[in-house]
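I opened the notebook to record what I looked up in this structure, entry by entry. The sequence and the model come first, so that each entry can be followed by eye.

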Amino acid sequence: MALQTFRRHTFWHRLDVRGAPYAFVAPFFVVFAAFSFYPLLYTAWISLHRVELSSLDLMEWVGFDNYVALWQDERFWNALANTFTLGVVSTVPQLLMALGLAHLLHYRLRGSVFFRVAALTPYATSVGAAALVFTMLFERDFGMINWLLGLVGLDPVNWENDKWAAQLAISSIVIWRWTGYNALLYLAAMQAVPAERYEAAALDGASRWQQFRMVTVPGIRSTVVFTIVLSTIGATQLFGEPLIFGQGPNGITGGADNQYQTLGLLLYEEGWKNYQMGRAATIAWAMFLLLVLIFLGQRVVRRLTSRAAAARPVLSRSGT
């Protein structure tokens, strides 16, 4: 009897030790399966059908016709090009400014807590409020930006109808909202860099700029890669800023000539304006596959870079 009790106790003890980790992580996988994995598979299934928003229960199997039509659609390539240019114009200056701002906040300043909170304020602002304010700033006839241009003798710019001007205005919204957030990420990574590295660099005669290049940037490389990936995902899914910026009286999304229509806006137009949910699901999967390709490309570039960095000392030793 005592032996059975001991075995039973041992069984439950082993079950508790081995099963507890799975029990702790199970809620995440349940939520992920319900709200991420299942919608992903269901969207893939819808993309293989012709289905309208008004009759979601009526599906007509079309196979890969939606993907073939999307490949031949000029609007898709236009939206893809706009998404790429908006992503580059908004991401590169944003991350560079965030890196410089974090470098300034890394040193002891009076009121540093205030500046850190102020840097995070744009991120806490809703995208709707930010886009509306910037839309008024870039308004053609009564906007403050054109008023400032007029003070220096420049002609007003039609920010909404001109392609590059509109993309620059939309990118400014993204830069304003996310620069402070990325700066705080960089700041947290900078504070984790050992102070001994800066002391050693200072003893070797390195200037502040050389310390930044040789110590700070390599020390936060993983965080920089993380922000690049995060910003790339955000740029691919860009939707709220261009939608509110170009919301005209007729509900035009992406401009009259689709000059700043992104993939997100094209998905919205197909699904909720043209009521073609099959085409919208196809665009959604095209965006997902695009992110997968970008991720694989980033992994390949990172692996080649690490191999080149590892081979550099070998080449230098062989040269000596």
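**Ground rules.** I am working from a predicted model, in which local features need pLDDT of at least 70 and side-chain atom pairs count only at pLDDT 80 or more, while totals for chains, interfaces and linings use all residues. I number residues from 1 along each chain as its sequence is written, and the side-chain values use heavy atoms, with hydrogens and water left out.

**Arg 177.** I located Arg 177 in helix 7, residues 163–191; helices here are DSSP runs of H or I with at least four residues, strands are runs of E with at least two, and both are numbered from the N terminus. I noted Arg 177 as buried because its relative accessibility is 10%, where buried means under 20% relative accessible area, exposed means over 50% and partly exposed lies in between (1.4 Å probe, protein chains only). Setting aside neighbours within four places in sequence, I found Arg 177 in contact with Pro 122, Tyr 123, Thr 125, Ser 126, Val 127, Ala 130 and Glu 241, contact being heavy atoms within 4.5 Å.

**Aromatic rings.** I counted rings of Phe, Tyr and Trp (its six-membered ring) as paired if their centres lie within 6.5 Å, with planes under 30 degrees apart stacked, over 60 edge-to-face and the rest tilted; the count comes to 17 aromatic pairs. One of them is the tilted pair of Trp 45 and Trp 61, at 5.8 Å centre to centre and 45 degrees between the planes. This pair links distant parts of the chain, since Trp 45 is in helix 1 (residues 2–46) and Trp 61 is in strand 2 (residues 55–61), 16 residues apart. I recorded Trp 45 as partly exposed at 44% and Trp 61 as exposed at 52%. I also noted that ring pairs link Phe 134, Phe 138, Trp 159 and Trp 176 into a cluster.
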